[in-house]
Number of protein chains: 2
Amino acid sequence: MTDQNGPQLTRIQQRNRERILEGALTAFSANGFRGATIDQIAEEAGLSKPNVLYYFGSKDEIHKTLLTALLDLWLAPMLSLDPDGEPLDEVLRYVSTKLDMSRDFPRESRLFAYEVLQGAPHLSEILGGRLRDLVDETVAVLTGWIDEGRLAKVDPHHLIFSIWALTQHYADFEVQVRAVLGPGHDPYAEAQVFLENLFRRMLAT
Amino acid sequence: MTDQNGPQLTRIQQRNRERILEGALTAFSANGFRGATIDQIAEEAGLSKPNVLYYFGSKDEIHKTLLTALLDLWLAPMLSLDPDGEPLDEVLRYVSTKLDMSRDFPRESRLFAYEVLQGAPHLSEILGGRLRDLVDETVAVLTGWIDEGRLAKVDPHHLIFSIWALTQHYADFEVQVRAVLGPGHDPYAEAQVFLENLFRRMLAT
DNA sequence: CCTCATCCTGACCATTTGGTCAATATTCGC
DNA sequence: GCGAATATTGACCAAATGGTCAGGATGAGG
């Protein structure tokens with residue numbers, strides 16, 4: 001997953017490509033694709049602008065590489081749904097894991113948020129392809145559980161959407177959440193309690 | 001609400017300012033602040049670039065004017081919560097209205113999404129000021145209902161966040177929702193059913 | 001129809017920004 | 001230590017973009 005089948009990378013290539021992607025993640029997630037500049041990425045990475053362009057031919061390529069590299073990380077939690085597990089526990093674990101990811105990887109969350117907001121110019125094939133397949137699988141599992149009467153009757157697609165919306169909201173709109181809550185709150189801890197409660201009530205049979 | 005206390009606007013001013021804000025809404029909501037150009041706004045508005053700058057001194061000013069002009073529209077549904085109404089009905093109506101707004105005003109939703117994603121550089125005072133006050137009022141109403149046992153015990157702040165997240169998701173991430181669902185779906189109609197069910201189950205005592 | 005304020009535009013400017021390139025420095029295999 | 005491959009950079013370019021301005025067009029009031 002870490003390296004493609006391409007030619008071997010030297011140590012320096014590996015290190016610098018990593019730095020660039022790390023800097024790009026910071027830059028893109030803070031300002032969106034158009035708002036981030038190669039200079040900014042270069043500074044974050046501790047490299048000169050031409051050197052950044054030496055490793056990635058264009059800003060677009062950096063962005064695309066970053067998105068595809070992070071997609072697996074981002075979708076992994078959904079794959080961990082165990083069809084043989086206890087339905088409610090499985091869903092709650094998914095929700096909890098996804099919320100942890102919002103807390104621990106807010107930049108990744110915002111990166112995808114910007115991309116989708118913009119109409120997903122670099123992800124459109126994936127949205128209707130791999131992502132959709134992945135969702136379909138999950139929907140099949142959920143539908144099975146619902147048909148067995150082990151989960152309340154809810155639209156499984158929208159159940160998935162609701163999990164995404166509710167968990168990613170805390171990363172993508174973090175400034176709003178914190179501003180509205182005011183000081184003295186731990187948004188993620190509170191959200192864990194709230195969301196477990198929410199999904200427990202919604203999905204109980 | 002439509003006109004400030006400033007000097008009278010001529011008919012032409014009124015018409016052109018409106019066109020510009022309309023064009024800017026399209027441009028900003030599609031590409032974000034940095035991604036939208038004055039040229040683009042001018043074209044949407046059917047005016048020349050210098051003419052746009054004649055009415056609004058800068059791109060920043062257009063953006064700021066647009067945000068503040070739309071804030072009332074955006075927050076209105078929350079104000080319609082009737083403390084004397086039936087709690088569950090009131091909340092469900094709020095959810096439904098908010099979802100309708102996602103369907104009918106997706107550009108507005110995305111405009112705010114971009115702004116908050118970016119750290120709300122033009123809204124920070126409002127988030128921690130007027131918005132927070134508004135939320136506090138609503139929280140007070142919800143808390144009252146909960147204390148009276150007319151609503152399930154849930155964190156009222158996070159209840160509000162969940163309403164925002166779940167409804168705005170359908171506007172902000174519409175491409176994703178449609179790509180995953182595939183053709184032959186009406187996301188908003190399905191969401192209405194799903195969300196009513198969700199909140200009914202979550203909030204029933 | 002005249003005048004004045006408002007409205008509009010083409011031409012222009014400075015800055016930013018994505019990207020190139022020749023030249024130099026560094027690393028690596030031997 | 002040496003030559004080839006790799007890495008790095010300063011200088012530079014063209015396009016895009018936010019914004020200015022002098023002057024011309026157009027509207028409103030008398």
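Tutor: Let us start with a term: a polar contact is a pair of N or O atoms within 3.5 Å, where, within protein, one atom must be able to donate a hydrogen and the other to accept it, and residues adjacent in sequence count only if both atoms are side-chain atoms. This is a predicted model, in which local features need pLDDT of at least 70 and side-chain atom pairs count only at pLDDT 80 or more, while totals for chains, interfaces and linings use all residues. Residues are numbered from 1 along each chain as its sequence is written, chains are lettered from A and ligands numbered from 1 in the order in which they are written, and side-chain values use heavy atoms, with hydrogens and water left out.

Student: How many residue pairs are in polar contact across the interface of chain B and chain A?

Tutor: A salt bridge would need a side-chain nitrogen of Lys or Arg within 4 Å of a carboxyl oxygen of Asp or Glu, and across this interface the rule finds zero of them. For polar contacts, with both residues at pLDDT 80 or more, the number of residue pairs found is ten.

Student: Which helix gives the most residues to the side of chain B that touches chain A?

Tutor: Helices here are DSSP runs (H or I, at least four residues), numbered from the N terminus. Several in chain B supply at least two residues each to this side, including α1, α6 (106–117) and α7 (124–147). The one that gives the most, with eleven residues, is α8(B).

Student: How large is the area buried between chain B and chain A?

Tutor: Buried area is the accessible area (1.4 Å probe) that two parts lose on being put together, summed over both. Carbon and sulfur atoms give 68% of it here, and the total is about 4600 Å².

Student: What rotation superposes chain B on chain A?

Tutor: The copies are superposed by least squares on the C-alpha atoms of residues with pLDDT of at least 70 in both. The RMSD is 0.0 Å, with 0.0 Å of shift along the axis, and the rotation is 180°. The two copies are thus related as by a two-fold rotation axis.

Student: Which side chain has an N or O atom 2.5 Å from a phosphate oxygen of DNA strand C?

Tutor: For A:R11 the distance to a phosphate oxygen is 2.7 Å, and for B:N16 it is 2.9 Å. The side chain at 2.5 Å is that of B:Y55.
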